[in-house]
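I opened this notebook page to record what I looked up in the structure below.

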Amino acid sequence: MIQFKDHFSRQSGDYAKFRPHYPVELFDQLSRMCSNQSALDIGTGNGQCAHELARFFKTVIAIDPSENQIAHARLHPSIQFRVAPAEKTGCEDESMDLITVAQALHWFDHKRFFAETFRVLRPGGLLAAWGYGHHLVEGCQDAMDHYYHNVVGPYWPPERESIEAQYQDIEVPSWLLQTDPPVVEMKAFWDRNQLLGYISTWSAVQKYMEENRKDPVPLLEEALKNCWPEARQKRTVKWPFFFIIGRKP
């Protein structure tokens with residue numbers, strides 16, 4: 001049985017509510033890069049990525065090892081939600097035109113994951129795994145950086161290092177014919193409370209609460225009042241976007 005580190009089940013409801021949305025241009029470009037018949041979204045979480053894929057692909061399978069995450073996923077007639085790990089998807093051999101992994105690759109057993117990807121992808125099929133790093137907040141970056149690195153920084157799991165390295169530390173198999181990624185920008189226009197809601201879903205915040213028996217988010221809220229005094233005022237939030245993307249021969 002494959003074990004997984006569950007950092008998100010406890011906050012599955014907030015995860016579905018507060019996580020930023022990927023730009024629709026991303027899925028449009030991915031659909032143009034491969035046959036748009038079947039797609040598999042691995043580590044789907046609440047199904048955010050799977051729902052976007054369903055706009056462009058005839059069938060979508062979305063898997064996650066967390067039963068609680070799947071339970072919070074919004075149903076769609078074209079999406080099959082399943083509880084399954086990345087390393088053992090349960091999909092048939094050479095059955096997928098596209099496999100996506102959104103902000104989850106760093107949690108996987110990479111050797112077993114890439115072997116499973118090779119098995120499931122059709123010849124010429126596309127693997128697109130992407131992540132996003134520490135966000136940029138208009139006018140409040142100093143407060144955000146201090147919170148990210150110093151307040152909850154010690155509580156990030158070690159896998160977070162792959163995000164900091166923008167996946168450059170992940171060994172990509174030789175069979176994956178790497179290609180240019182889609183050109184997209186990830187951003188949101190949020191008020192202060194929306195930003196704090198997103199922060200509350202961080203695994204480091206959950207770990208801080210577990211070890212200290214108190215919520216660290218109010219510390220950030222207090223710091224943000226100096227640079228963002230009006231809670232309902234909306235600000236631009238941006239995330240750096242990076243990919244591992246390529247084809248099966």
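How many helices and strands does the protein chain have? I found 10 helices and 10 strands, taken as DSSP runs numbered from the N terminus, with at least four residues of H or I for a helix and at least two of E for a strand.

I note that this is a predicted model, in which local features need pLDDT of at least 70, side-chain atom pairs count only at pLDDT 80 or more, and totals for chains, interfaces and linings use all residues. Residues are numbered from 1 along each chain as its sequence is written, and side-chain values use heavy atoms, without hydrogens and water.

I next looked up the overall dimensions. The radius of gyration is 18 Å, which agrees with the value near 18 Å for a compact globule of 249 residues; it is taken over C-alpha atoms, and the globule rule is 2.2 Å times the number of residues to the power 0.38. Along the principal axes, the C-alpha atoms fill a box of roughly 55 × 35 × 35 Å.

I then checked burial. Buried residues (under 20% relative accessible area, 1.4 Å probe, protein chains only) make up 55% of the 249 residues.

Two bridges join β6 to β9 (residues 234–239), and Val-137 stands opposite Val-237 in β9.

Definitions and conventions:
Buried means under 20% relative accessible area, exposed over 50%, partly exposed in between (1.4 Å probe, protein chains only). Two strands pair if DSSP finds at least two bridges between them.
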